[in-house]
Amino acid sequence: MKKLILLLLLPLLSLSAIKDDIYPKAEKEMEKHTIILEEKEKEENYMVKLKFGREKLLDCNNYFLLGGKIEEKILEGYGYNYYIFNGKDEMGSTKMGCSVNTKTQKDVFYNVEEIIRYNSKLPVVIYAPKGVFVDYAVYEKIAGKKIK
């Protein structure tokens, strides 16, 4: 009876999400960010867009962070993907004169985005410099047509 229960539970164990502790620890000056996606029907119809930014105290101008690159790596021995983002703290902005000289906290984004496939069975693991946050959005394919 115990063997029968174990055989019935075995497929359920293999479908559970992989934990992020098998991924490398963050190197010095880096942070590990983990996104756990919820299970969806027809996951092939979904994509995940990753964006990276920093929170800054800024005036009324529009700002963006310069540079930045994302590199996809493969977890040795497992074949799972993870990502390493590197970006400096250099900013570009509009040069408008601000009528009020007050500053507010704003999210400023790098001009780098990565679109990856949706897979709830694996965590999305990203390493980024300390102070960089990871923002993500999930997109669903609603309808499509072949263009000939």
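Visitor: Is asparagine 119 buried or exposed?
Guide: Asparagine 119 is buried, because its relative accessible area is 17%. Buried means under 20% relative accessible area, exposed over 50%, and partly exposed in between (1.4 Å probe, protein chains only). This is a predicted model, in which local features need pLDDT of at least 70, side-chain atom pairs count only at pLDDT 80 or more, and totals for chains, interfaces and linings use all residues. Residues are numbered from 1 along each chain as its sequence is written, and side-chain values use heavy atoms, with hydrogens and water left out.

Visitor: Where is asparagine 119 placed?
Guide: Asparagine 119 lies in the loop between β7 (104-117) and β8 (124-129). Strands are DSSP runs (E, at least two residues), numbered from the N terminus.

Visitor: And what does its side chain reach?
Guide: The side chain of asparagine 119 reaches the backbone nitrogen of lysine 121 at 3.0 Å. Beyond its neighbours within four places in sequence, asparagine 119 is in contact (heavy atoms within 4.5 Å) with Leu37 and Glu43.

Visitor: Changing topic: how many disulfides are found in the whole structure?
Guide: The search finds one disulfide (a pair of cysteine sulfur atoms within 2.5 Å). Cysteine 60 and cysteine 98 form that disulfide, with their sulfur atoms 2.1 Å apart. The pair links distant parts of the chain, 38 residues apart: cysteine 60 is in the loop between β2 (46-58) and β3 (63-65), and cysteine 98 is in the loop between β6 (91-93) and β7.

Visitor: Left-handed or right-handed?
Guide: The torsion about the S-S bond is about -95°, so the disulfide is left-handed.

Methods
Helices (H or I, at least four residues) and strands (E, at least two) are DSSP runs, numbered from the N terminus. A polar contact is a pair of N or O atoms within 3.5 Å; within protein, one must be able to donate a hydrogen and the other to accept it, and residues adjacent in sequence count only if both atoms are side-chain atoms.
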